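User: I would like to learn how to read the packing in a model such as this one. Could we take it one feature at a time?
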Amino acid sequence: MDELSAKKTIELTADLELMLSCAMRYCMGRRTYIVGSFCSYVESILPDLSIVELERMQKDFDNHSLDVGTGYTTWGDDCDRNEWMSFKKKLDLEIAARSKKI
């Protein structure tokens, strides 16, 4: 396997989860490819994130929704909004699945 195709792994620490939250906050309202890249990446690791991180992302999403409702900000373009709504459904499903296990 060559160096470019080798899959690298990093430990998913509380600090890295916090960095993902910061990335999410940065991406919200953007009108660029970064929204799709963020959502795609985080969706692939949702099962590995702590419940603390999932709930933090859910709260940040809900807070951004409130700001959108006031006209203060937007979800970006329609394609960005669609990415966020799809992400939110998957986030909510992951949280619901975990609450059933308790």
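User: Which residues does His-64 touch, not counting residues up to four places away in sequence?

Analyst: Bear in mind that this is a predicted model. With that said, His-64 touches Met-28, Gly-29, Thr-73, Thr-74 and Trp-75, and His-64 itself is found in helix α3, which covers residues 51–70. A polar atom of the His-64 side chain lies 3.0 Å from the backbone oxygen of Thr-74.

User: Is His-64 buried or exposed?

Analyst: His-64 is buried, because its relative accessible area is 9% and the cut-off for buried is under 20%.

User: How are two packed helices described?

Analyst: Two packed helices are described by the angle between their axes and the distance between the axes. Here, helix α2 (residues 34–45) and helix α4 (residues 78–101) pack at an angle of about 15°, with axes 9 Å apart, which means that α2 is roughly parallel to α4. The crossing of α2 with α4 is left-handed, and the contact involves Val-35, Gly-36, Phe-38, Cys-39, Val-42 and Glu-43 of α2 together with Asp-80, Glu-83, Trp-84, Ser-86, Phe-87 and Lys-90 of α4. By class, this contact of α2 with α4 has six nonpolar, two polar and four charged residues.

User: At what angle do the axes of helix α1 and α3 cross?

Analyst: The axes of α1 (residues 14–27) and α3 cross at roughly 15° and come within 10 Å, so α1 is roughly parallel to α3. The crossing of α1 with α3 is right-handed. Residues of α1 including Leu-18 and Met-24 meet residues of α3, among them Met-57 and Phe-61, and the contact divides into five nonpolar, one polar and five charged residues.

Conventions
Residues numbered from 1 in each chain as written. Predicted model: local features only at pLDDT ≥ 70, side-chain atom pairs only at ≥ 80, totals over all residues. Heavy atoms only, no water. Axes fitted to C-alpha atoms, helices over the stretch in contact; angles between N-to-C directions. Helix = DSSP H or I, 4+ residues; strand = E, 2+ residues; numbered from the N terminus. Parallel < 35°, antiparallel > 145°, perpendicular 65-115°, else oblique. Left-handed = near helix turned anticlockwise from the far one by under 90°. Contact = heavy atoms within 4.5 Å. Nonpolar A, V, L, I, M, F, W, Y, C, P; charged D, E, K, R; others polar. Buried < 20%, exposed > 50% of the residue type's maximum accessible area, 1.4 Å probe, protein only. Polar contact = N/O pair within 3.5 Å; in protein donor to acceptor, adjacent residues only side chain to side chain.
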